[in-house]
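Thank you all for coming to group meeting.

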Amino acid sequence: MRGEDVKHISRVLRLKAGDAVQLCDGRGSECEAVIESVAPDSVTFRTQPWTGAKSEPDVSVTLFQCLPKAGKMETIIQKCVELGAARFVPVQSERCVVVLKPPYEGRVERWQRVSEEAAKQSKRGRIPEVALPESLNRLDFSAFDTVLVAYENERTVSLKQALRAHPCRKLAVIVGPEGGFSEDEIAVLTAKGAVSVSLGTRILRTETAGMAMLAQIMYEVEP
Ligand code: SAH
C-alpha cells in the first residue's frame with residue numbers, strides 16, 4: 001500500500017508490524033490482514049481471502065439530487081453515504097436556485113472527497129461515486145429496475161407502498177430542489193417510468209428528503 005493511507009497508518013494510527021487491520025478496496029471487497037512491515041512510504045500486509053463487504057446493502061440506491069443551495073450538497077452526500085447510497089447524480093432542474101456552470105470537475109471532485117471520507121468513517125465497502133451534473137430532462141433510467149420521484153404534491157402513493165409494489169435491487173430516487181418540481185417536470189419523469197411518491201403529510205427540506213428516503217428504503221429491504 002502507498003499514498004495517503006500509509007501516512008494514516010504510520011503517523012496517525014501509529015500501527016506497527018503484527019497489528020491486525022481490516023482492508024477494503026473501495027469497490028465492494030474487504031479482508032482481514034496483519035501488518036508485515038511499515039516503511040515511510042509503504043506498508044505491507046499478510047492478507048486473509050477477500051470477501052464481499054458486509055456493510056454493503058443488497059439494494060443499490062442512486063440519489064438524483066436536484067442542486068440545492070450552497071453547502072447543502074456536502075451534507076446530503078455525507079449523510080446519504082452513511083445511510084447506504086450507492087451513487088449520486090447532481091441534477092439541474094427548473095427551480096434550482098443554484099445554476100452550476102462548467103467546468104464542473106472541481107466541484108464534483110470536492111463532493112467525491114466528501115463521499116470518500118464518509119465511506120471510510122462509516123466503514124463502507126464501496127466508495128459511492130459522484131457523477132457529473134445532468135439536466136433533469138435528459139436523465140437516463142435504463143440501468144434501474146425502479147425509479148421513484150419524491151413529489152411534494154403526490155397525495156395517493158406513499159414511498160412504503162411503492163417499495164412494496166416494485167422490485168428493489170437497483171433503485172433510482174429523485175429529490176427536487178428548494179423550489180420543488182414543476183408539473184411539466186413530473187410529467188417528463190413519469191413518462192420515463194418514474195413513480196411519483198409522497199414522503200408524508202409534512203414538507204421536508206430538500207436536504208432532508210434524500211436522507212429520509214434512504215432510511216426508509218433500508219428499513220424496508222434490509223434483513
Ligand atoms: N417548495 C416546495 C417544497 C420543496 S421540498 C413546496 O413548498 O411545496 C424539496 C423536495 O423534497 C421536493 O421537491 C421533493 O422532492 C422532496 N419532498 C419534501 N417533502 C416531501 C413530501 N412530503 N413528499 C414527497 N416529497 C417531498
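What you see is a predicted model, in which local features need pLDDT of at least 70 and side-chain atom pairs count only at pLDDT 80 or more, while totals for chains, interfaces and linings use all residues. Residues are numbered from 1 along each chain as its sequence is written, and side-chain values use heavy atoms, with hydrogens and water left out.

Which atoms of glutamate 152 lie 2.8 Å from an oxygen atom of the ligand? An N or O atom in the side chain of glutamate 152 does, whereas for arginine 202 a polar backbone atom lies 2.8 Å from a nitrogen atom of the ligand. Leucine 204 likewise uses its backbone, with an N or O atom placed 2.8 Å from a ligand nitrogen atom. On its own the ligand has 560 Å² of accessible area, and the protein covers 84% of that, the areas coming from the Shrake-Rupley method with a 1.4 Å probe.

Now to serine 196, which belongs to strand 11, residues 195-197; strands are DSSP runs of E with at least two residues, and helices are runs of H or I with at least four, numbered from the N terminus. Is serine 196 buried or exposed? Serine 196 is buried, because its relative accessible area is 10%, and buried means under 20%, exposed over 50%, and partly exposed in between, with a 1.4 Å probe and protein chains only.

Finally, some backbone details. Arginine 14, in the loop between helix 1 (4-12) and strand 1 (20-24), has a positive phi of about 55° although it is not a glycine. Arginine 14 is exposed, with a relative accessible area of 60%. Separately, the peptide bond from proline 102 to proline 103 is cis, with omega near 0°, and proline 103 sits in the loop between strand 6 (87-92) and helix 3 (105-121).

Note on methods:
A polar contact is a pair of N or O atoms within 3.5 Å; within protein, one must be able to donate a hydrogen and the other to accept it, and residues adjacent in sequence count only if both atoms are side-chain atoms.
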